[in-house]
Amino acid sequence: MTRKTYIEELAQELSILPSEERQDIILEFDSHIDELMSRQPELPEEDLIARLPAPATFAGEFLAADASGKYREQAETFSSKRASESGTRFSSFRRFFRYARGEQQQLDWQFSDVTQIEVVAASADIQIQAAETCSCHIVGYWDDDEPSWEQTGTLVRMNLGADADLLTLALPPALCVLVIKTASGDIRGALVPNADISINTASGDVQVELNHGIARVMTASGDVSLDGVITDADIKTASGDVTLDGLQSSLRIASASGDIRVNYTAGAANGSIASMSGDVSLSLPSGSQPAVEASTVSGDISALNASVRKQPGRKYCSCPGGPGELKIKTMSGDIRIQN
Amino acid sequence: MEDMAYSTEELARAVEKWRGQNRKGFLELCILRCVRARKRVYGFALMDQLQQLGMEISEGSLYPLLARLVKEHSLLAEWDTPTEGHPRKYYTLSLFGLDFLAQIEEHYEHDHQVFLKIQDGGSDT
């Protein structure tokens, strides 16, 4: 078995877990295999994989650990917190009937003196837009699980519950950070200048325009597309595609099978990209020549005009340069870097 | 009851069964001690250290156990994505984990003393 099929089988066996948890396990174990391979570079990939526990057995241990954790958590009344995070799994039956139950409901909230916003949601789509004041509009079908909020100083926390469908959020000019945690809703829109964003989603797509801000995004299967002016990006995804257009400084991207496309528009390119089977395509501002180290096990490399060397089990290319330093690694994905 | 003959397989199975029953808690204890000693450690390094100390531990038992210890609030986990190399998930002990470890260490010590006393004083009693 190859590393790629091993990881894919493991992901399949773990499919009952919430995708964020599953992605976490896979990223961690992928990093483990990476380290095993670098310790024993002479060992063929298939032999190394054969020494690992079978995906089904391995996954079974995780599911057993998950179950025991859950029972204890319930005993400690931590369950309500988890239920809101993975609410979609348990309430889908109830949600199926909610449209027949009542009228669509709406909420409007206004806030002042806000610099930080945190949103926790299950399946609601979220639209953000720059505005003069901070307000929001929520649409959904809820009765007991009504969306709620609290403000502590300049921080506003919203919990949309499981039954909200759409949040339209108007961001004030003074906003510094927007944090969003959601299971399956999509997140779209534009940020105000100098605001950072942190998004944690399982299957929602992310499409956000930044204006001199930092982006931190974790998704399992959602696609991530960021544009505008991005000063720093930290992206982790299992199967979602990543597109960054307008990056100006450093990046860290880890992906299992999603493709990665990055367009640097200015500044020194710094950072790392690690991908298993996804292709990596990087475009640099004309004339810029950062130091590049790229390696792949079975993919192809084309990096600026640097020559690509071959060793048993990997191809790599290392070219000096500066300012900036890029490290790119893939298993089977192709790597392409161009000006 | 009459003593009976047994095969080496039977004996090995019984020993394995006993080890399986004993192992879980012991492994948990060793992992927590390792994390405390190293303050901050990631899965591969932890496995490496335990194996070097002579413990039979594989990925299949380590990672699910780490996941459970995080869920049970004994360990904290955070991702470190360095500019160089692969991202790693680092584990540290939580305050709960520290106290939990201190208490189970006491229990383990106590049980171990009992075990030693039985060995030493076996002929006296």
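Helix 1 of chain B lies largely in the open, because the number buried is three of its 31 residues; a residue is buried if 20 or more other C-beta atoms, placed from the backbone, lie within 10 Å of its own, exposed if 12 or fewer, and partly exposed in between. The buried residues of helix 1 of chain B are Ile31(B), Leu32(B) and Val35(B). The helix spans residues 8-38 of chain B and bends by about 45° at Arg23(B), the bend being the angle between axes fitted to the seven residues ending at a residue and the seven starting there. Just after helix 1 of chain B, Lys39(B) has a positive phi of about 65°.

The model is predicted; local features need pLDDT of at least 70, side-chain atom pairs count only at pLDDT 80 or more, and totals for chains, interfaces and linings use all residues. Residues are numbered from 1 along each chain as its sequence is written, with chains lettered from A and ligands numbered from 1 in the order in which they are written.

Chain B contains four helices and three strands, these being DSSP runs numbered from the N terminus (helices H or I, at least four residues; strands E, at least two). Along the sequence the pattern of chain B is α-β-α-α-β-β-α. Of the 125 residues in chain B, 20% are buried. Among contacts in chain B with a separation of 6 or more, 42% join residues 24 or more positions apart; two residues are in contact if their C-beta atoms, placed from the backbone, lie within 7 Å.

Two helix pairs in chain B were examined. The axes of helix 1 and helix 2 of chain B come within 11 Å and cross at roughly 115°, where axes are lines fitted to C-alpha atoms, for helices over the stretch in contact, and angles run from 0 to 180 degrees between N-to-C directions. Helix 1 and helix 2 of chain B are therefore roughly perpendicular to each other (under 35 degrees counts as roughly parallel, over 145 as roughly antiparallel, 65 to 115 as roughly perpendicular and the rest as oblique). Cys30(B), Ile31(B) and Cys34(B) of helix 1 of chain B make the contact with Leu46(B), Gln49(B) and Leu50(B) of helix 2 of chain B. By class, these residues are five nonpolar, one polar and no charged; Ala, Val, Leu, Ile, Met, Phe, Trp, Tyr, Cys and Pro count as nonpolar, Asp, Glu, Lys and Arg as charged, and the others, Gly among them, as polar.

For helix 2 (residues 43-52) and helix 3 (residues 59-71) of chain B, the axes come within 11 Å and cross at roughly 130°, which makes helix 2 of chain B oblique to helix 3 of chain B. In this pair, Gly43(B), Leu46(B) and Met47(B) of helix 2 of chain B meet Glu59(B), Leu62(B), Tyr63(B) and Leu66(B) of helix 3 of chain B. The contact comprises five nonpolar residues, one polar and one charged.

Between the chains, 27 residues of chain A are in contact with 20 residues of chain B. On the chain A side, the elements giving two or more residues are helix 2 (19-39), helix 4 (55-75), strand 13 (242-255) and strand 15 (270-275) of chain A. Helix 4 of chain A provides the largest share, nine residues. This side of chain A has ten nonpolar, eight polar and nine charged residues.
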